[in-house]
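Subject: Structure handover

Hello,

Here is the structure I promised to pass on to you. Have a look at it first, and my notes follow below.

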Amino acid sequence: MTQTPAANNGLLNRRWFLKAGAVAAGAAVLTPAMADGPWMTYPGQSPGPYGAPSRFAALKREQITLNPLGPGDGASCSPLQSLNGIITPNSLHFERHHSGIPDIDPEHHRLTVFGQVKNPLVFSYESLLRYPQQTKTWFLECSGNSFRNTFDEAPDLTAGEVSGLFSCAEWTGVPLHYLLDEVGAHKTASWVIAEGADASGNNRSIPMSIAQHAIIALFQNGEPIRPSQGFPMRLFVPGCEGNISIKWLRSLKLSPTPAQTREETSKYTDLLADGTAQQFSLKMEVKSVITSPSGKMQLPAKGIYPITGLAWSGQAPISSVHVSADGGKSWAAAELQTEPSPFAPVRFRIPWQWHGQPAVLQSRATDAAGNIQPTRAVALRKQSPLVIYHYNGIQSWQVDASGKVRNALI
Ligand SMILES: Nc1nc2c(c(=O)[nH]1)N[C@H]1C(S)=C(S)[C@@H](COP(=O)(O)O)O[C@H]1N2
Ligand SMILES: [Mo]
């Protein structure tokens, strides 16, 4: 079997698996005496009302406590290293709450649209369900995602622990511009101020040009959105920092100016290296992460492994992903396993032959607007080391000679 090298240190041509056949990739040869388990000898469990994963494949979100003094404050990260495709199952969608998850009865919830409008209106959950809806596969990323890789020393973490404040779902809901048309927004109303019905009353000002693309999401991967994602309704602003996708949405105020809320003054502004702060840098940058092999994994033996991961950009669809096994000295184009589309992540993969030697695995995404994911050093340069939002530096996974994979800051 000839193996076409695509780049140094074992990267193979992305189509190698198609030509190589199963045996070379590690599958067992079929023999007549293949074992079956006892599960063929008695009936299994009856169907149930709500499904659960196999007990052999149950997954967990990693928890981060952000402020132990704030009740309900915290985050849980999607276990990116254990998922494939691009969709995050609802039970594993990342969570970020400032004051816990409110238990909202949709019958008693209202969305008020007011401010610089001709007819202020109040919408119930039930009335919104009767509006025309759209369905979109969109990612959501917290602007604080990957913050632990901005530290000076590399924490030993999984891909999900580093970058799992990132998820993707199929969102269904009412395009916001339908409601804005109905209330008759004034021409001078260039901002929408959205507020949530949780105890933190999270509120943010969104420029009208960006709000035009938002939806009021009611469904997540087909079922009503989860309480942790904002049940009964959330604003979903695609491609932008997660904080402006206000959960438990209760009001939208149209205004000529931004509200300068707590979340856009003391927080979610980008403190730059020169000491000034940048506000309303809402769009998420081009980024990617190899999800396997990744931190805390152990390669069992020398051989061929698929390198796979996710790439996304809030600016334009992903156009290509390159992978390196030698710390960025040589690169090979990865295969895109999903169709790129606006505000959707892509799943990429490339075969890699591990010869039992140290390697540094990296991925670098490019989007259709020409944005290229920067190295860690370049990504860190623009911001003050005190507060880091929007970090999108290239992730490095160090594989040592024993096959142990560790987070590395390169
Ligand atoms: N009302 C409200 N909306 C909110 C938040 C919140 O605490 N309260 N957290 C924000 C932040 S910081 C992020 S990153 C996303 C997280 O959405 P998720 O929990 O559905 O992943 O919701 C945003 N919307
Ligand atoms: Mo966030």
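How many bridges join strand β6 to strand β15? There are 4, and the two strands, residues 110–115 and residues 249–255, run parallel. Strands here are DSSP runs of E with at least two residues, helices are runs of H or I with at least four, and both are numbered from the N terminus. Two strands pair if DSSP finds at least two bridges between them.

Before going on, some notes on the basis: this is a predicted model, in which local features need pLDDT of at least 70 and side-chain atom pairs count only at pLDDT 80 or more, while totals for chains, interfaces and linings use all residues. Residues are numbered from 1 along each chain as its sequence is written, chains are lettered from A and ligands numbered from 1 in the order in which they are written, and side-chain values use heavy atoms, leaving out hydrogens and water.

The sheet

β6 and β15 belong to an open sheet of 5 strands with mixed pairing, in the order β7-β6-β15-β10-β11. The edges are β7 (121–124) and β11 (203–207); each has a single partner strand, so one side of each is left without a neighbour in the sheet. Val113 has Leu252 in β15 as its bridge partner. On β7, Val122 stands opposite Thr112. β6 and β7 pair in the antiparallel sense over 4 bridges, and they form a hairpin with 5 residues between them.

A residue to look at

Glu170 sits in strand β9 (residues 166–175). Its relative accessibility is 31%, so Glu170 counts as partly exposed (buried is under 20%, exposed over 50%, partly exposed in between, with a 1.4 Å probe and protein chains only). The C-alpha atoms of Glu170 and Asn90 are separated by 10.0 Å, although these residues are 80 apart along the chain.

The cavities

There are 5 cavities of 30 Å³ or more. A cavity is a set of points on a 1 Å grid over the protein atoms alone where a 1.4 Å probe fits but cannot get out, and lining residues have an atom within 4 Å of a point. Grid points are joined across faces, edges and corners, and a volume is the space filled by probe spheres set on the points. The largest cavity has about 220 Å³. It is lined by 19 residues, and Arg96, Arg234, Gly242, Asn243 and Lys247 are the closest to its centre. Strand β5 (residues 95–97) gives the most to this lining, with 3 residues.

Best wishes

Key: On a 1 Å grid over the protein atoms alone, a cavity is a set of points where a 1.4 Å probe fits but cannot get out, and a pocket is an open set with protein on both sides within 12 Å along at least five of seven lines; lining residues have an atom within 4 Å of a point.
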